[in-house]
Amino acid sequence: MIPDAAQVKGEYASGNRRRVLWATCFVVLAAVLFLVTLGFGVYKISVIDAIGVFFDHLSGDISDPRSDEYVWNTRVPRAIGALIAGAGLSIAGVIMQNDFKNPLAEPYTMGISSGAFLGATLGIILNISVVPFVPVSSQVVANAYVFSLIPVALIAAVSKFRKLTPMSMILTGIAVMFLFSSITQILMVTAPSESLADAYSWRVGSLDRIRWDVVPPMLVSTVFFSAVLYMFAKRLNVMYVGDRSVRTLGENPMFIRIVTMVLASLLTAGIVSYTGTIGFIGLVGPHVARIFVGSNNRYLIPASAAFGAAFILLADTIAKVSGINGLPVGVISSMIGGPLFMWILIRQRRNVWA
Amino acid sequence: MELKINNVSFSYSSVPVLHDVSFDISGNELVSILGPNGVGKSTLIHCINKILAPTSGTVLIDGRDVSEIKLKELAKQIGYVPYSANDSFPLSVIDTVMIGRHPHSKWGSLDEDLDIVYETLRMLGISHLAMRAFNELSAGQHQKVMLARGLVQEPEILLLDEPTSNLDVRHQLDVTKMLKRLSREKGILIVMISHDINIAAKYSDKIILMHEGSVYAIGDPNQVITAENLRTVYGVTAEITKDDDAPHVILKDALPMDEELDGTAAKSPA
């Protein structure tokens, strides 16, 4: 049976419609979880009431000022933070996995997390600010941002002068990671216990600190870098064929790799500087999305972002009601992410990554 | 399309692979490059399509030095089907072949691109695989998909690195015959690396026989495929008969692999 052109085109179009549909499902799921999470936290309010408070505020008709204070000023920015972190870190994961053709690559592969943590630790423990004229309240964020970019900047600079293979780039990232971690360990060994607890909570990643004041910079950075990266979607598809063939298709693979890697690092830095290093999402988001929509980046990038957002919203909802005063979201995301990931890998019939 | 190789040499760090390769091919032909393992066939192809830059010498297409042509522009002129036994990526066949349209892609070209992809799949007899995952194909299907990707690029010169290495005999004959037909129908110069002397001799318009990093003989299959040439280049004794006016090789024996007798045998392949 030889299919005719219309049939093949029809199947191709319907396959792509199915991908869009899955991505839309993830978006709807994220939207629902965004509303549900408003009902969870230390302050007691039902999910329905919390959603009512949220829409009351949007319509400018605040009927319950006390609830509004908790829901609008604490939970809404926190939920937005979860949305941004999940989406942004998942996109960075997709990019890293493509750039290095390695299913284990994730936003922190190039030493981003260890850099950010070292920067944060310098601020928290030694009270040092590497960026001049930054108010004390922002010095941890500023330090983390600057330090998280050092490993990638280093790799990009070295690759200007020397030909680095993707593998040697990853290894350089790992080397920097160990160097930074050991410096951080030295700082922590000598730290007083109260700042140690702060440093620790920063390390596992938490959305506790996300308030309205940090939402604009996080949002602008994430939307901007995600949009720019999405413009590389087609070229990232070309990257699948391997560096040599990429050249014969008219693209320079090293250029695409370095540019998208730097953009993904900026995307990641703009999130982890505020939230700390939330783990596992950069692996779970892309891999789950891959199972549903395949690896064409035009669909994979948005689907990963939407699934990642939903996942972190769920993890943070659980985090808020765990323990006495809640747990850091990073702990929960890894705790549910790990088994979920294993279950997916075992259940999966075909190897979507190969 | 004229492809002119002028005194091209290439070394991997200090290991010389190509020495002073020169030849000139043109027209709508199928040209096969033959030679033993490690002789530099793939390296030569990589020097033509700028995957590698020759250590010295120049490659000209229609009189233009490829080192001065941008990758993007070159991609519209030279297509490449790599040796790809292990290549694997998680896309459908149709998306994989669509990547070959990349050098030509512009906004709104999707429908036209899909037509070209479909026609090519159809011609190769694999249109029923369009929606399958590339990873799940057999070696032969895999190779035909790679060939399709090279063809949808609509190049004027198509370079193929052992395009039939994973195919069974029927498909080897079929694909090679098709390459010859395509060279005429699409008006392209097709250059392929081959390991099957008889199939190459049967369908090629021209054969380039390589030996020790250089061109040992180039020309019509009847001139190039001789017992003496095979003895020197491959180290085998053979009897050459005729089949349909093309030379047909009956291999007799391998010459003793004595490094003392043949000082170059120890040369490492690239």
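Here is a short report on some features of this structure.

## About the model

This is a predicted model, in which local features need pLDDT of at least 70, side-chain atom pairs count only at pLDDT 80 or more, and totals for chains, interfaces and linings use all residues. Residues are numbered from 1 along each chain as its sequence is written, chains are lettered from A in the order in which they are written, and side-chain values use heavy atoms, without hydrogens and water.

## The second largest pocket

The second largest pocket has a volume of about 780 Å³. Its lining counts 28 residues, and nearest its centre lie Lys234(A), Arg298(A), His102(B), Ser105(B) and Lys106(B). Among the elements that give two or more residues to this lining are helix H1 (5-37) of chain A and helix H4 (110-123) of chain B. H9(A) gives the most, with five residues.

A pocket here is an open set of points on a 1 Å grid where a 1.4 Å probe fits, with protein on both sides within 12 Å along at least five of seven lines; lining residues have an atom within 4 Å of a point. Helices are DSSP runs (H or I) of at least four residues.

## A buried arginine

Arg75(A) sits in helix H3 (residues 65-100) of chain A. Why does Arg75(A) count as buried? Its relative accessible area is 4%, and buried means under 20% (1.4 Å probe, protein chains only). Arg75(A) and Asp208(A) are 133 residues apart in sequence, with their C-alpha atoms 9.5 Å apart in space.

Key: Points joined across faces, edges and corners; volume = space filled by probe spheres on them. Buried < 20%, exposed > 50% of the residue type's maximum accessible area, 1.4 Å probe, protein only.
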